[in-house]
Amino acid sequence: VTLPAALTSIGDWAFAGCTSLALTSLPEGITFIGPAAFYNCASLALTSLPDGLTSIGDHAFAYSSLALTSLPDSLTSIGCGAFAYCSSLALTRLPDGLTSIGDEAFHGCHRFAVTLHSLPPTATPFEVYTLEVAEKHNKRNRARRERKKVNRRARARAQEKQDVNVY
């Protein structure tokens with residue numbers, strides 16, 4: 001699918017649930033992505049967002065396969081849950097001009113690497129709190145996954161020992 005070059009916004013729920021939508025790019029003229037526009041788009045293959053993008057609506061990319069490492073510097077607003085559960089999202093910094101980050105914008109993003117030290121100077125106390133919660137949640141999930149991995153290995157070794165003792 002190729003979107004028209006003249007497109008300036010993507011409306012609410014425009015492609016929500018299109019699990020086989022494999023867009024690789026968005027037109028450069030897009031400034032706004034509406035709420036849930038790409039919600040649950042499991043095949044979404046975007047590696048960047050347009051440079052002129054200023055606003056991303058609530059849950060716009062939630063549960064999608066978005067694999068971004070950066071956001072455009074023009075971005076000023078990120079809605080609630082905009083990137084929730086985007087397991088491939090690997091951001092390391094947020095744009096300096098960002099003025100608003102919605103609640104749980106990055107909830108469940110296990111590869112999210114933005115730290116409080118990389119927040120833009122315009123971040124409000126609520127936005128700092130939102131990232132603190134995301135950071136704590138992601139750290140707790142990493143620790144939980146590591147414990148599960150260690151437990152699986154221990155169970156496998158115990159099973160191997162038991163199998164050896166049986167024979």
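Five phenylalanines, F15, F38, F61, F83 and F106, are linked into a cluster by ring pairs. Rings of Phe, Tyr and Trp (its six-membered ring) pair if their centres lie within 6.5 Å; planes under 30 degrees apart count as stacked, over 60 as edge-to-face and the rest as tilted. Before we go on, keep in mind that this is a predicted model, where local features need pLDDT of at least 70, side-chain atom pairs count only at pLDDT 80 or more, and totals for chains, interfaces and linings use all residues. Residues are numbered from 1 along each chain as its sequence is written, and side-chain values use heavy atoms, with hydrogens and water left out.

Back to the rings. A pair of aromatic rings is described by the distance of the centres and the angle of the planes. How many aromatic pairs does the structure hold? There are seven. Take F15 and F38: their ring centres are 5.4 Å apart and their planes sit at 10°, so this pair is stacked. F15 lies in the loop between β1 (9-10) and β2 (32-33), and F38 in the loop between β2 and β3 (55-56), so the pair ties together parts that are 23 residues apart in sequence. Now look at F61 and F83, which also form a stacked pair, with 5.6 Å centre to centre and 5° between the planes. That pair links distant parts of the chain too: F61 is in the loop between β3 and β4 (77-78), F83 is in the loop between β4 and β5 (100-101), and the two are 22 residues apart.

(Buried means under 20% relative accessible area, exposed over 50%, partly exposed in between, with a 1.4 Å probe and protein chains only.)

Let's step back to the chain itself. Helices (H or I, at least four residues) and strands (E, at least two) are DSSP runs, numbered from the N terminus. The protein chain has one helix and five strands, in the order β-β-β-β-β-α along the sequence. Of its 167 residues, 37% count as buried.

Contact, in turn, means heavy atoms within 4.5 Å. Leaving aside neighbours within four places in sequence, L26 is in contact with L3, I10, I33, F38, L46, L49 and P50.

I56 is buried, with a relative accessible area of 1%. Not counting residues up to four places away in sequence, I56 touches partners including I33, L49, F61, L75 and F83. I56 and I10 are 46 residues apart in sequence, yet 9.8 Å apart in space, C-alpha to C-alpha.

Finally, the cysteines. A disulfide is a pair of cysteine sulfur atoms within 2.5 Å, and by this rule the count is zero. C86 counts as buried at 0% relative accessibility, and C109 is buried with a relative accessible area of 0%.
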